[in-house]
Amino acid sequence: MATDYDEVRPDVAEARKASLDAVKSANAPDAKSVVRELDETDHTDGMDLPGADLSNEELTVTVVPQKDDEFICGSCFLIRHRSQLVREEGNVGFCVECEG
């Protein structure tokens, strides 16, 4: 007798059916009520829309200089602490995440 190894085992099939029944019986909102709820809370008050004139706005940013125990990764260009330095080629350092 040949065995079909691709067939789903009975215990797995029962578990899938039980979990599907649990999802169906859950008290989840229907799609229409979700859309209605999103429409009710969709307010653009206080938001700047694309193309708005921001020429009279002034942006102030405090620039903090790089500390002695920090470096800029040559791959991701993020400022990292020296403890994350993996290798250095010349003046360029590379972090743990980029070197993987």
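1. Let's start with burial: of the 100 residues in the chain, 7% are buried. Buried here stands for under 20% relative accessible area, exposed for over 50%, and partly exposed for the range in between, with a 1.4 Å probe and protein chains only.

2. A word on where this comes from. This is a predicted model, where local features need pLDDT of at least 70, side-chain atom pairs count only at pLDDT 80 or more, and totals for chains, interfaces and linings use all residues. Residues are numbered from 1 along each chain as its sequence is written, and side-chain values use heavy atoms, with hydrogens and water left out.

3. Next, the overall layout. You'll find 3 helices and 4 strands in the chain, and from the N terminus they come in the order α-α-β-β-β-β-α. These are DSSP runs numbered from the N terminus: helices are H or I with at least four residues, strands are E with at least two.

4. On contacts, meaning heavy atoms within 4.5 Å: among those in the chain with a separation of 6 or more, 4% are between residues 24 or more positions apart.

5. Have a look at Arg80 in strand E2 (residues 79-81). Is Arg80 buried or exposed? Arg80 counts as buried, because its relative accessibility is 11%. Not counting residues up to four places away in sequence, Arg80 touches Asp69, Glu70, Phe71, Cys95 and Glu97.

6. Ile72 belongs to strand E1 and is partly exposed, at 41% relative accessible area. Leaving aside neighbours within four places in sequence, its contacts are Gln66, Phe77, Leu78, Ile79 and Gly93. Ile72 and Phe94 are 22 residues apart in sequence, with 7.8 Å from C-alpha to C-alpha.

7. Phe94 turns up again with Arg87, whose charged end sits over the Phe94 ring, 4.2 Å from its centre. For that label, NZ of Lys or CZ of Arg has to be within 6 Å of the ring centre and within 35 degrees of the ring normal.

8. Now the surface. The chain exposes about 9400 Å², and 53% of that is supplied by carbon and sulfur atoms; accessible areas come from the Shrake-Rupley method with a 1.4 Å probe, and for residues only the protein chains shown count as cover.

9. Which residues make the nonpolar surface patch of about 380 Å²? Leu59, Val61 and Val63 do. Val63 lies in the loop between helix H2 (31-40) and strand E1 (70-72), and is exposed, with a relative accessible area of 71%.

Terms used. Patch = residues over 30% accessible without salt bridge, like charges linked within 9 Å, V, L, I, M, F, W, Y side chains within 5 Å. Salt bridge = Lys/Arg side-chain N within 4 Å of Asp/Glu carboxyl O.
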